[in-house]
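Welcome! Please take a look at the sequence and the structure, and then let us walk through some of the details together.

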Amino acid sequence: MTDASKPIDLAVVGHTNTGKTSLLRTLLRDESFGEVADRPGTTRHVESAQLLTETGQAILVLRDTPGLEDAMGVLDYLDQLSPPQERHDGPERIRALLDSPEAAGRFEQECRVLDAVLKTDAALYVIDTRDPVLPKHRDELMLLAACGRPILPVLNFTRAALSDTAAWRDALARLGLHATVDFDTVAPALDGEGQLLDRLALMLDHHAVALQALRADLGQQRLRRLQDATRLIAELLVDAAALRLPCSQDPTDMATITLGLRKRTRDREQDCVHALLKRYRFSKMTFPHHPLPLEGERWGMDLFNPQALRTFGIQVGKGLATGAMAGATIDVLTGGLSLGTAALLGAAIGGAWQGASQWGKRLVGRLAGNTEMTVDDPVLHLLGLRQLALVRALECRGHAAMRPIDGDLLTPPGPEPAGSGTGDSGPDVTQDQGGQAAAETDAATTPPEPLRRLPPDVQRMLDEARGHPAWSSIGEDPVPDARREALVGAMAQALFAAL
Ligand SMILES: Nc1nc2c(ncn2[C@@H]2O[C@H](COP(=O)(O)OP(=O)(O)O)[C@@H](O)[C@H]2O)c(=O)[nH]1
Ligand SMILES: [Mg+2]
């Protein structure tokens, strides 16, 4: 077991339903590992999986085990089997137990766990910190200690209202377990796995180098995920900013083209959501499809709804706020020159065009036949902010979480827009299994402060993209362009810095 070139073997143990399988899911970034449920005895066998570096090297083997249900019964039986006065050491006594008939009988489940612990380098003892410290927990720890392996208590459910980590730390210290790690498997701290590996490195000093290397590797993986995520968002924004749909100045035609513009933008946003979920190794169920309705239902979800824009603190010009063309800018075919939205909308619908004096009559003349619809700036901002909010949520979500991310994430709390009057901006009440919804709501009460605006650099880049219709992969005639790639890279960096 001391061969430092072999993967480090860890048994994940604890009472039933404390989140052992959940811990594996989150550490492995695998929502589908094992079976997780709010009822006893879901994990019946010892299932294992490897935690790999980015290059595929296995550093850790994690063994999920069934719950220790009758530690007290096992301890009593151990006393009969090998009375303490015989002075066998702990592992010898446990081996005697494993050789006894009860290993295939009454204590089959417990013996599977103990067998796994004897074969591993250390045990992670998972604790539901909402539970009071009970004699059964002390019995479990005594039994595990008899295996002669280091034990690292992992404090789970730390974000639940009833969690009492102080009581647990105190009780564990009394049992000689002074190193513990907080790790809420549904909403772990950003550096949760790093802290876990640090504690393990202290306990398993001959594996410390490998554990520190794994810690650094996981940090790199996280960084690359974030870089890829911001790149996906930059791609989306460039596609939306560069999108231009030709249009006559007939108001009916304009309204139809606007619908097409909205559809392409929304579909493109949905693709980005899916790509982000995939990059973070979450299923589509993590953030179910929000249909982004045109009106009503959930105003907060509508990309082109002025109310949604305001919730993100985005100022909307008067001319844009309502009407069939909300969210679209009418633009002129003048080498990408983008004119003020409100002003042009005013012109298009026959109102006074305040921009006329600013741009001059010649330009008004050129408007005559050659208009285009583009996605308006506030909508581009909203698109970016929503995706950044999603990335932040994915960053601090464990793969054990079962409740979908709340769609309200996309309309984070802000000054309530006057007259919203919808009353439906409260948290989604999602049907969920067992008691998780309540506990996960605890975790969800402290989301990171939402970003309120895109960085000015990004705005400048969006302006540039507007002038290049061929840069839009959802446009009429996309053409690959090195300058576009460079811009996407630079925008991704600016978004990364904003996160
Ligand atoms: N809210 C919340 N629920 C959790 C957490 N860890 C586990 N659960 C839930 O608790 C239940 C039991 O978890 P599971 O991993 O199956 O426990 P095991 O029996 O120890 O393997 C499942 O419904 C999990 O979704 C946590 O940190 N927070
Ligand atoms: Mg389990």
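Phe 157 sits in the loop between S5 and helix H6 (165-174); helices (H or I, at least four residues) and strands (E, at least two) are DSSP runs, numbered from the N terminus. This is a predicted model, in which local features need pLDDT of at least 70 and side-chain atom pairs count only at pLDDT 80 or more, while totals for chains, interfaces and linings use all residues. Residues are numbered from 1 along each chain as its sequence is written, and chains are lettered from A and ligands numbered from 1 in the order in which they are written.

Asn 17 also belongs to a loop, the one between S1 and helix H1 (20-28). Most residues other than glycine have a negative phi.

How many of the residues of strand S4 (residues 122-128) are buried? Seven of the seven are, so S4 is largely enclosed by the rest of the structure. Ala 122, Leu 124, Val 126 and Asp 128 point one way from the strand, and Ala 123, Tyr 125 and Ile 127 point the other way.

S4 has strand partners, where pairing asks for at least two bridges found by DSSP. With strand S1 (residues 8-14) it pairs in the parallel sense over five bridges, and Ala 123 of S4 is the bridge partner of Ala 11. S4 also runs parallel to strand S5 (residues 151-156), joined to it by six bridges; here Val 126 stands opposite Val 154. From S4 the chain crosses through helix H5 (residues 135-145) to S5, in a β-α-β crossover that is right-handed, a term for a path from the first strand over the helix to the second that runs clockwise with the strands pointing away from the viewer.

Now for the helices. In H3 (residues 90-99), Arg 93, Ile 94 and Leu 97 are buried. They lie on the same side of H3, because they cover an arc of only 100 degrees around the axis, taken from the directions from the helix axis to the C-beta atoms. Helix H2 (71-81) and helix H4 (108-119) are among what covers them.

Helix H16 (residues 456-466) holds Leu 462, which is buried with 23 other C-beta atoms within 10 Å. Beyond its neighbours within four places in sequence, Leu 462 is in contact with Leu 237, Ala 241 and Leu 380; contact requires C-beta atoms, placed from the backbone, to lie within 7 Å. Leu 380 is 82 residues away along the chain, yet the two C-alpha atoms are separated by 8.4 Å.

Stepping back, the protein has 17 helices and nine strands, and 42% of its 499 residues are buried. The average pLDDT (the predictor's confidence in each residue, from 0 to 100) is 78, with 71% of the residues scoring at least 70. Over residues 316-323 it is below 50, although this stretch has 21 contacts in the model beyond near neighbours in sequence. Where pLDDT is low, the predicted coordinates should not be read in detail.

Conventions: Two residues are in contact if their C-beta atoms, placed from the backbone, lie within 7 Å. A residue is buried if 20 or more other C-beta atoms lie within 10 Å of its own, exposed if 12 or fewer, and partly exposed in between; C-beta atoms are placed from the backbone.
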